[in-house]
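Thank you all for making the time this morning. I would like to walk you through one model, going slowly from one region to the next, so please keep the sequence and the structure in view while I talk.

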Amino acid sequence: MGAAPAGHSSTIEDYVVTVYRMWANGEPVVGARLAEQLGVTPATVTEMVARLRSQGLLTSDRRIELSPAGLRLARNMVSRHRLVERFLVDVLGFGWEEVHAEAHRLEHALSPRVTERLADFLGHPATCPHGHPIMADGAGEPSLELSPLAALEAGDAGTVRRIVQEDTDLLSLLSSLGISLGTPVRVEGVQPYGGPLRVDVDGESRLIGREAAAMVLVER
């Protein structure tokens with residue numbers, strides 16, 4: 001797995017990664033939304049967008065869109081983050097709900113050499129603890145046929161492969177329900193008018209709300 005090129009500040013890396021995540025999630029990448037995501041003012045975003053464009057990390061047109069160099073940097077940073085999460089869970093024993101913020105603090109401090117050694121040490125894992133792919137140097141995310149648990153109907157079954165958002169409360173809830181990566185699930189019933197789903201989770205009947213179920217992706 002490759003590491004991000006040296007020479008970029010943590011602020012620039014955060015901007016590039018945020019643009020990438022918004023784009024990957026199908027969100028419109030506009031200045032106001034970017035400011036909200038990063039907790040800064042729109043004026044600050046305007047200034048930083050110009051800086052990113054001058055460094056060749058955004059395309060030259062008026063849209064906020066990553067250039068090939070920006071896309072490569074973003075993918076490497078995202079993969080580094082996911083690799084650190086894997087280390088925190090697999091080696092240091094953190095819960096999967098604890099590692100997102102910790103990995104964000106650590107990812108900027110790792111050199112390319114340390115990142116490669118860490119990947120070797122962990123055996124080049126394919127995903128982070130939440131099921132998101134750890135990509136090879138600059139490569140795109142592989143396409144998988146996954147369905148939201150909320151989209152399944154009574155009698156449908158699958159295996160949990162990914163959690164869309166690394167939200168602490170969501171991950172804690174899923175843990176309390178016995179849901180983690182690789183867990184077999186089967187929908188027993190769906191309550192009408194947006195009510196919860198009753199799901200067999202590895203042999204136990206559980207209730208899960210639609211909003212939470214939409215964040216759980218399963219392979220059918």
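Let me begin with a question: is strand 4, residues 197–201, largely enclosed by the rest of the structure or exposed? Please bear in mind, before I answer, that this is a predicted model. Strand 4 is largely enclosed by the rest of the structure, because four of its five residues are buried, and here the cut-off for buried is a relative accessible area under 20%.

Now to the neighbours of that strand. On one side of the pairing list we have strand 3, residues 184–190, which runs antiparallel to strand 4 and is joined to it by five bridges, with Arg186 finding its bridge partner in Asp200 of strand 4. The hairpin that these two strands make has six residues between the strands, and Tyr193 adopts a positive phi near 55° there. Strand 4 also pairs with strand 5, residues 204–208, again in the antiparallel sense and over five bridges, and Asp200 has Ser205 as its bridge partner in strand 5. In this second hairpin two residues lie between the strands, and Asp202 in the turn has a positive phi of about 55°.

Let me turn next to the nonpolar cores. The largest one has 23 residues, and the members that touch the most other members are Val16, Leu34, Leu52, Ile64 and Leu66. At least two residues of this core come from each of helix 1 (10–24), helix 2 (31–38), helix 3 (42–54) and helix 4, and helix 1 gives the largest share, seven residues. If we look at Leu66 in particular, and set aside residues up to four places away in sequence, we find that Leu66 touches Val16, Val19, Tyr20, Leu57, Leu58, Thr59, Leu71 and Ala74. Apart from this core lies another, of 21 residues, which includes Trp96, Ile163, Leu170 and Leu177.

I would also like to point out one polar residue, His81, which is located in helix 4, residues 68–90. His81 has a relative accessible area of 2% and is therefore buried, and its side chain makes a polar contact with the side chain of Glu107 at 2.4 Å. Among the residues that His81 touches, again leaving out those up to four places away in sequence, are Arg21, His100 and Glu166.

Finally, the domain assignment divides the chain into domain 1 (10–66), domain 2 (77–122) and domain 3 (147–219), and the centres of domain 1 and domain 3, taken over C-alpha atoms, are separated by 33 Å.

Key: Residues numbered from 1 in each chain as written. Predicted model: local features only at pLDDT ≥ 70, side-chain atom pairs only at ≥ 80, totals over all residues. Heavy atoms only, no water. Buried < 20%, exposed > 50% of the residue type's maximum accessible area, 1.4 Å probe, protein only. Polar contact = N/O pair within 3.5 Å; in protein donor to acceptor, adjacent residues only side chain to side chain. Contact = heavy atoms within 4.5 Å. Core = buried A, V, L, I, M, F, W, Y, C linked by side-chain atoms within 4.5 Å. Domains from an automatic or database assignment. Pairing = 2+ DSSP bridges.
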